[in-house]
Amino acid sequence: MEDKLKELKDELLFTQKNAAVERSDEQVAIADAYAEDYKKFLDAAKTERLAVKEAIRLAEANGFVPFDRAKALKAGDKVYVNNRGKALILAVICTRPLTDGVSIAAAHVDSPRLDLKPNPLYEKAGMAYFDTHYYGGIKKYLYATVPLALYGVVTRKDGSTVEIAIGDKEGDPVFVVTDLLIHLSREQMQKPATSVVSGENLDILIGSRPFDHSKESDAIKLNIMKILNDRYGITETDFLSAELEAVPAGQAKDVGFDRSLIGGYGHDDRVCSYPALTALFALENPAFTAITLLCDKEEIGSDGATGTQGNFFPYFMEDLAEAMGVKARHVYPQSLCLSADVNSAYDPLYASAYSEQNSSFINRGVVLTKYTGSGGKGGSNDASAEVMGVFRRIMDAGDVIWQIGELGAVDAGGGGTVAKYIAQLDVDTVDLGVPVLSMHAPFEVISKLDLDETHRAFFALLDRK
Ligand SMILES: [Zn+2]
């Protein structure tokens, strides 16, 4: 009787796999080794620009060359398109007609952070500051008292551009947003969390000594500008044509006695971008033309020339189709896309925010998400049953440990991804990603095994037969 029950259970009920249980010691060792490479990528890719730079470096080492519209494409070609240094398309061309469809792995490389305002430098009470405007959804108070590094570019009056990277190299200074001491916080502690630290208070402390011991007003500000001018050849006006991003300083770290997790800044969404790259690099003669798309601006709505709502991806597809003598719109309907973005891992400390049976869990593998959105699936791609069915079979064929997961409980909040922008090109698209703890915090946490399953998932899609 008991055997019969177990048999029926196995046959009829959904059994969730757990990678930490199912994967062999050898497989875990491979996942751990892969995680070491990922940590290096994360450390090298603190901003969208640096992520694209590092992705191109890796792509070129794997035989990819810039896409040249004037040259004919043939099976086996590996090409990439760099969109303004902030977004990237990479493709491996196959023998099959393009009208059979392509496989697309999409992810984003921008992460929440503090951007400097166009006129950021000021002096107050004997200290110098950078005024900032936060980028993306953050709990603002989490950015206070965290060591920050500064990255970005400044375009000078003459049109030349200088890169800035300070705060992560050995011996570099860091920067910080200060917070009010607890002793005087009686009023602050009564405020709602949204205004404990206001957006306008997210200003970064950058110095305190005046130029030449001067008592003049703005001598501290002048001293900072002199240091920046000596080092980067810039003046205060040049901040107007700059993109400078303050991000948490420090390297990605193993978390836990068992080192099973990785903590770091910017897992969202570089933890999907990296496997989308490595799966493409691992392909040998894919049956379908395989494309990895890394985009910018996802955290603020995917707008602009480097966001997925921009036209750079459909334009590339048109060029690709033209080179093969077909129309791009005849390629899209047969194509498949995994739109990869992180999902919220179930956190038992905040259980009420989740619907447990429909949440993703650490170590249960890559998350397939039918719909995202908020307020009744608003702004979601909401993949169809048939499309979910197709992807489920691809995952199973690729021996991928996967789970399903909504972002959280109904009406607990919500969020969107780039899935809908790719789907609206007439491409069957499903959301997929790595479960993350503390999403959008300065130090997010993911599981090494989930990362490995995500690489497997992308490979299963891009290498589908
Ligand atoms: Zn994301």
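Trainee: Which crossing, left-handed or right-handed, does H7 make as it passes H11?

Mentor: H7 passes H11 in a right-handed crossing, where right-handed has the near helix turned clockwise from the far one by less than a right angle, and left-handed anticlockwise. This is a predicted model, in which local features need pLDDT of at least 70 and side-chain atom pairs count only at pLDDT 80 or more, whereas totals for chains, interfaces and linings use all residues. Residues are numbered from 1 along each chain as its sequence is written.

Trainee: At what angle do H7 and H11 pack, and how far apart are their axes?

Mentor: Two packed helices are described by the angle between their axes and the distance between the axes. Here helix H7 (residues 267–281) packs on H11 at about 45 degrees, with the axes 8 Å apart (lines fitted to C-alpha atoms over the stretch in contact, angles from 0 to 180 degrees between N-to-C directions; helices are DSSP runs, H or I, of at least four residues). H7 is therefore oblique to H11 (under 35 degrees is roughly parallel, over 145 roughly antiparallel, 65 to 115 roughly perpendicular, the rest oblique).

Trainee: Which residues of H7 and H11 make the contact?

Mentor: Contact requires C-beta atoms, placed from the backbone, within 7 Å; H7 contributes residues including Val271, Pro275 and Leu280, and H11 residues including Leu451, Phe458 and Leu462.

Trainee: How does H3 pack against H11?

Mentor: Helix H3 (residues 25–44) meets helix H11 (residues 448–462) at about 90 degrees, with axes 9 Å apart, so H3 is roughly perpendicular to H11. Ala31, Asp32, Tyr34, Ala35 and Tyr38 of H3 meet Lys448, Leu449, Leu451, Asp452 and His455 of H11.

How values were computed. Helices (H or I, at least four residues) and strands (E, at least two) are DSSP runs, numbered from the N terminus. Two residues are in contact if their C-beta atoms, placed from the backbone, lie within 7 Å.
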